Amino acid sequence: MADSASLRVQLCTEQFGSRAPRGCHAAADGSLQWDGARRWGWLSGAPTAKPGQDAGGGGGRWAALPVLSGLRAVLLPQGFPDSVSPDYLSYQLWDSVQAFASSLSGSLATQAVLQGLGVGDAKASVSAATSTWLLKDSTGMLGRIVFAWWKGSKLDCNAKQWRLFADVLNDIAMFLEIMAPMYPIFFTMTVSTSNLAKCIVGVAGGATRAALTMHQARRNNMADVSAKDSSQETVVNLAGLLVSLLMLPLVSSCPSLSLGCFILLTALHIYANYRAVRALVLETLNESRLQLVLKHFLQRGEVLEPASANQMEPLWTGFWPSLSLSLGVPLHHLVSSVSELKQLVEGHREPYLLRWDQSRNQVQVVLSQVAGPEAVLRAATHGLVLGALQEDGPLPNELAELREQARAGPKKESWMLIRETHRVLDTLFPKFLKGLQAAGWKTEKHHLEVDEWRATWPLSPEKKVL
């Protein structure tokens, strides 16, 4: 018995990713005997029981079902769930639902376009159909270039809003394609407009998907996350193709039934997209999230965690904030004389300058050549604090006094309020920044919309009040 017990002494262990480790014992013939070897997945090579469970007895759902274990290895990034963000699974599930609905809607739209081009009609002209197709494609190509130039630099800042916008626009484009055969006179113009919208969808959807992949990848594994996302999308589209083969013969002879199916699928598509985007928890600050977190901090003295702020972030109205905040504007937009420059510089030594137009609720910020992410974050915070002076709600005592001064009698000069808010921020911003870091926000980078203009100016001799 003693010899048998000594043989069962655990010599070493190994584990795959975050899954349960398995032990190794010495066999009677001197070879190594691994626990639960028969239950390990055929591709992942690891059990899925949590640490502390019997890997040989329980094995978990993935180990007990080799097919699921294989699908996990094929469709999910290596090291899942530790190699991706915590919101990965919920986002991908809803994203798969919306892709499936979009695939079915796309089949209905494609059928309508082919009918409009004359497929199945002996009287249809091949040259006319070819001309329509070429015009449709060329319109989309031009639209792709123009949209990328116009909005390309802004897609990172509001990735969730643009992602949702792209999918809604895609639904509108497919609706136009379905309606196009009903109005043959406007068919070419309708399908060209639809393809223009689809090309914009391609730019906005692809760019925002890349931004979200950066967020999801936690082990410098962007390529793996992107590749597995493509595999998931392919599986979903294949399922959509099979269902479309069954659905199209049933609805092709009845335009009203086809339109009804499209409306139901579109409703599912938009809902799934909303749930997918709402499931995202981005830890970097854009203007909307910064405004939410700062407002909560000014009112309650607490910093919202990323999960809470992302749930509160507006998705439909995020493009039109109440305060117009412009970061990285050229210096010549703010000053036109030496006296104005001296007035603007006087009283602070931060690597940015502000001008606040109270009547328009507009803040313009000039950034110094040495302004880093923290300075940009402070500049944006400063601008939002100025905007808060024109709103109702509780504020810290110093800012509440400034708000009363701004509202009482003749308006106080904006540059004087800027100087005084600088002094308030000298005390307030370090606390806010520390709270952001403690709550889990990544302050070493941001997704604030910043233009490329930078400037230098003579530093104010006046020291900051700490």
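Two strands are taken to pair if DSSP finds at least two bridges between them. Helices (H or I, at least four residues) and strands (E, at least two) are DSSP runs, numbered from the N terminus. The model is predicted, so local features need pLDDT of at least 70 and side-chain atom pairs count only at pLDDT 80 or more, while totals for chains, interfaces and linings use all residues. Residues are numbered from 1 along each chain as its sequence is written, and side-chain values use heavy atoms, with hydrogens and water left out.

An open sheet of mixed pairing is formed by three strands in the order E4-E6-E5. Because strand E4 (324-327) and strand E5 (352-357) each have a single partner strand, they stand at the edges, and one side of each is left without a neighbour in the sheet. From one strand to the next, the twist averages 10 degrees (axes are lines fitted to C-alpha atoms, for helices over the stretch in contact, and angles run from 0 to 180 degrees between N-to-C directions).

E4 and E6 are parallel, joined over four bridges; Leu-325 has Val-363 of E6 as its bridge partner. E5 pairs with strand E6 (residues 362-367) in the antiparallel sense over six bridges. Here Leu-353 is bridged to Val-366 in E6, and Leu-354 stands opposite Val-365. The hairpin of E5 and E6 has four residues between the strands, and Asn-361 takes a positive phi near 55 degrees.

Five of the six residues of E6 are buried (under 20% relative accessible area, 1.4 Å probe, protein chains only). Helix H13 (residues 373-388) lies across E4, E5 and E6, running at about 20 degrees to E5.

Note on methods: Contact means heavy atoms within 4.5 Å. Buried means under 20% relative accessible area, exposed over 50%, partly exposed in between (1.4 Å probe, protein chains only).
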